[in-house]
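Take a first walk through this structure with me. We begin at one residue and then step back to the whole chain.

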Amino acid sequence: MTTVTTSDLQTLHDALGPLRGREQIAERLLEASAKHSFDPDKELDWDTPPEDGKWFWPPELVSLYDTPLWKRMSHDQRQELARHEAASLASLGIWFEIILMQLLVRHVYDKAPTSNHVRYALTEIADECRHSMMFGRMITWGGGPTYTVPRRYHNMARVLKSVSTTPGSFAGTLLGEEILDWMQRLTFPDERVQPLVRGVTRIHVIEEARHVRYAREELRRQMVTAPRWERELARVSCGQAARVFSVCFINPRVYENVGLDRHEAVAQVRASGHRTEVMQTGAKRLTDFFEDIGVLNGVGRRLWKSSGLLA
């Protein structure tokens, strides 16, 4: 196989146009990081208690919204479910970001440590460390439990992050980042939501915009330059990751913890047209991108369909 050099990449194209050089992209992202990075311990007022009457998550984004069960719930029970779902999503975010940090370390392991591309990867790892601590602190602040993913998926991810190819790693990264990012963009300007939760989501949205750019550009490059077997494996692994992600998105223990029947709640979420629309809308920008660069082909597309995230 012919080695693709940095200069060669300037002449390569995909369906979205010419590929930009890694160093140029990383330089711009490093400049943005220097101007717009945050220390959540100092930026947010962790000593202020939750405000009475405020939501921990926009009600329209709560999994049971507009279901028959939701309509039977009291206002207080709905807000309590939102509090637990915010803790569940923060727990999912921590799990995912720990996986992402390991994937980024693997990605840069054999690359020039003085390059801008590696410097930015290390900068992103530092961001993700702060985000994970911020999410953990938000869970504690809100009085919610930590919702760990089921053991089988926890162990599945252990294997995935150890054997994932580079295109598979960046496709999975975008899956975990972009749907939550869409929800958080609706959350941080919403005055019905707890101010501290809005502050957490605002920080995450601003910093994740750089992470998404880095991952998108690298995945575009990989889908042009990686060996065919890696691209095919990335399609399948990303589709399987979408299935796991959709199952783990909200831990069903949240329903039990607010006094609901777990099986009834899960069944109503699965049957909810509103919830399906929310999840597919949240994923659409990503699935459109994957469609453009050839990730949603073959078996991978069928797996995405079965996840419920692709219409």
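Leaving aside its neighbours within four places in sequence, which residues is Thr201 in contact with? The partners are Trp57, Gln184, Thr187 and Phe188. Keep in mind that this is a predicted model. Thr201 sits in helix α9, which covers residues 195-225. Its relative accessibility is 2%. Buried means under 20%, so Thr201 counts as buried.

Now move to another helix. Helix α5 runs over residues 75-108, and His107 belongs to it. Is His107 buried or exposed? His107 has a relative accessibility of 6%, so it counts as buried. Residues up to four places away in sequence are again set aside for its contacts. His107 then touches Arg22, His117, Thr166, Phe170, Tyr214 and Glu218.

Asp66 makes a contrast in setting. This residue lies in a loop, between α3 (40-43) and α4 (68-72). Asp66 is partly exposed, with a relative accessible area of 45%. Look at its backbone too. The phi angle of Asp66 is near 70°. That is a positive value in a residue other than glycine.

Step back to the chain. How many helices and strands does the secondary structure come to? There are 14 helices and two strands. Along its principal axes, the C-alpha trace spans about 65 × 45 × 30 Å.

The accessible surface of the chain is about 14,500 Å². Carbon and sulfur atoms hold 53% of that surface.

Charges come next. The chain has 41 positive and 40 negative charges. Their mean positions are 5 Å apart.

Finally, consider confidence. The average pLDDT of the chain is 93. At least 70 is the score of 96% of the residues. Where is the pLDDT below 50? That applies over residues 1-9. Beyond near neighbours in sequence, this stretch has ten contacts in the model.

Definitions and conventions
Residues numbered from 1 in each chain as written. Predicted model: local features only at pLDDT ≥ 70, side-chain atom pairs only at ≥ 80, totals over all residues. Heavy atoms only, no water. Helix = DSSP H or I, 4+ residues; strand = E, 2+ residues; numbered from the N terminus. Areas by Shrake-Rupley, 256 points an atom, 1.4 Å probe, with all protein chains shown as cover. Lys, Arg positive; Asp, Glu negative; His and termini not counted. Charge placed at Lys NZ, Arg CZ, Asp CG, Glu CD. Buried < 20%, exposed > 50% of the residue type's maximum accessible area, 1.4 Å probe, protein only. Contact = heavy atoms within 4.5 Å. pLDDT = per-residue confidence, 0-100.
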